[in-house]
Amino acid sequence: MKAIVFDAFGGTEVLHETEIDVPEPGAGQVRVRVHAVGVNPVDGKIRSGGMEAIFPTTLPAVPGGEIAGVVDAVGEGVDDLKAGDEVLGWSDTGSYAQYALASAAVLAPKPAGLDWTHAAALPVASDGAERVLDLLGVTAGETLLIHGASGALGTIAVQLAVARGARVIGTAGAANQEYVTSLGATALVYGDDLVRRVRELAPDGVDAVFDAAGKGALEDSITLRGGTDRIVTTADFRARELGVVFAEGPQRRSAKRLAELARQAADGTLVTTISAAYPLAEAARAQQASDAGHNRGKIVLTVS
C-alpha cells in the first residue's frame with residue numbers, strides 16, 4: 001500500500017511516499033481503508049523530533065493518528081463493526097496511508113450527511129477541546145479567552161464552550177474576525193496591546209484562558225488572570241517555565257461522544273471547516289501549511 005514515511009527527524013523534506021505492507025488487524029482491532037486524514041500540529045512536532053520526550057518514535061514511521069474511512073477487515077473479538085462500515089476516529093498505526101489499523105472501541109459511525117474530509121476534522125479537535133474545557137472547569141456564565149480561535153482546535157472549542165453557556169472572547173488574525181464571530185465568540189485580533197483590549201471587552205476579567213495558538217500570548221494571559229490559575233495551553237512549550245498547565249495528558253477518545261458530535265456536524269449544528277485538502281502524495285505541503293499556522297479550520301489529506 002502507499003504510505004507517507006519519514007526515516008529521520010527533520011523538516012518536511014524527510015517525508016516521502018513509499019510502498020509498505022498492508023497491516024493485519026489484531027484482537028479488538030479493525031483495518032480501515034482510509035479516505036481522509038486529519039493533519040495536526042503535533043504531526044509536525046513528532047516529525048521534527050521535538051516530541052520525543054512525550055511521544056517516542058521508532059523510525060521509520062508513518063505520521064498521523066486521525067482517520068475517516070471504511071472498515072476493510074475485522075480482528076478477533078470485534079462484534080460491533082463489520083466490513084463496509086463507514087467510520088471516523090483514531091488510528092493505532094500511522095494514518096498517512098491507504099490502510100490503517102484502529103481499535104474498534106475508538107471508532108464512531110460516520111453519518112451519511114458528513115463527507116470524508118469533515119469527518120476527519122473531528123476526532124482530535126473535539127477530544128482536545130473538551131479535555132481542555134474540562135481541565136479549566138468552564139461553566140455557564142463565565143468568560144473564556146481562547147487564543148487561536150479560528151484554527152481546527154479553536155473552531156470546535158469556541159462552539160463547545162458557547163454550548164456550555166460561557167461567553168467566549170476569541171483571538172485570531174484580522175482575516176478571520178468574521179469567521180470567529182460566526183462561531184459564537186466575540187472576535188479580537190491578536191497582537192499588541194492585547195491586555196488592554198481584552199479588558200475593554202471584559203471589564204470584570206476573564207475566568208479562564210485556553211491557548212490553542214502557541215503564539216506568545218501566555219504572558220498576557222497571566223496578566224489578565226492575575227496569576228497562572230485556570231490557564232491551559234496545547235501549543236506553547238514555554239508553559240512549564242511560566243508555571244502554566246500544558247495539556248499533554250492522555251486523550252479520552254470517546255467513541256460515544258465522537259458519534260454525538262459527528263451527528264451535530266452532519267446536521268450543521270456544529271461547524272467543521274476545512275482549511276485545505278491535499279492528496280496523500282502532497283503530505284509535505286500539508287505539513288508545511290500546518291507548521292506555518294494561521295489556518296482557518298482543519299488541514300486534511302485525501303487518500304485514493
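Guide: Start with a definition. A cavity is a set of grid points where a 1.4 Å probe fits but cannot get out. Note also that this is a predicted model.

Visitor: How many cavities of 30 Å³ or more does the count give?

Guide: The count comes to one cavity of 30 Å³ or more. The largest cavity has a volume of about 40 Å³.

Visitor: What makes a residue part of the lining of the largest cavity?

Guide: A lining residue has an atom within 4 Å of a point. Ala121, Ala152, Thr155, Ile156, Thr272, Thr273, Gly297 and Lys298 line the largest cavity. Helix 4 (residues 152-163) gives the largest share, three residues.

Visitor: How does that lining divide by class?

Guide: The lining has three nonpolar, four polar and one charged residues. Gly counts as polar under this scheme.

Visitor: Which residues of helix 3 and helix 4 meet?

Guide: From helix 3 come Ala125, Ser126, Gly128, Ala129, Glu130 and Leu133. They meet Ala152, Leu153, Ile156, Ala157, Leu160 and Ala161 of helix 4. By class, this contact has nine nonpolar, two polar and one charged residues. Ala152 and Ile156 also line the largest cavity.

Visitor: How do you know that helix 6 and helix 7 are oblique?

Guide: Helix 6 (residues 194-201) and helix 7 (residues 218-225) pack at about 40°, with their axes 10 Å apart. Roughly parallel needs an angle under 35 degrees. The pair is therefore oblique. Helix 6 passes helix 7 in a right-handed crossing. Leu194, Val195, Val198 and Arg199 of helix 6 touch Asp220, Thr223 and Leu224 of helix 7. These residues divide into four nonpolar, one polar and two charged.

Visitor: What makes aspartate 193 stand out?

Guide: Most residues other than glycine have a negative phi. Aspartate 193 is not a glycine, yet its phi is positive, about 60°. Aspartate 193 sits in the loop between strand 10 (186-189) and helix 6.

Visitor: Is the peptide bond from leucine 59 to proline 60 cis or trans?

Guide: That bond is cis, with omega near -5°. Proline 60 lies in the loop between helix 1 (41-48) and strand 4 (66-74).

How values were computed:
Residues are numbered from 1 along each chain as its sequence is written. This is a predicted model: local features need pLDDT of at least 70, side-chain atom pairs count only at pLDDT 80 or more; totals for chains, interfaces and linings use all residues. Side-chain values use heavy atoms; hydrogens and water are left out. On a 1 Å grid over the protein atoms alone, a cavity is a set of points where a 1.4 Å probe fits but cannot get out, and a pocket is an open set with protein on both sides within 12 Å along at least five of seven lines; lining residues have an atom within 4 Å of a point. Grid points are joined across faces, edges and corners, and a volume is the space filled by probe spheres set on the points. Helices (H or I, at least four residues) and strands (E, at least two) are DSSP runs, numbered from the N terminus. Axes are lines fitted to C-alpha atoms, for helices over the stretch in contact, and angles run from 0 to 180 degrees between N-to-C directions. Angles under 35 degrees count as roughly parallel, over 145 as roughly antiparallel, 65 to 115 as roughly perpendicular and the rest as oblique. A crossing is left-handed if the near helix is turned anticlockwise from the far one by less than a right angle, and right-handed if clockwise. Contact means heavy atoms within 4.5 Å.
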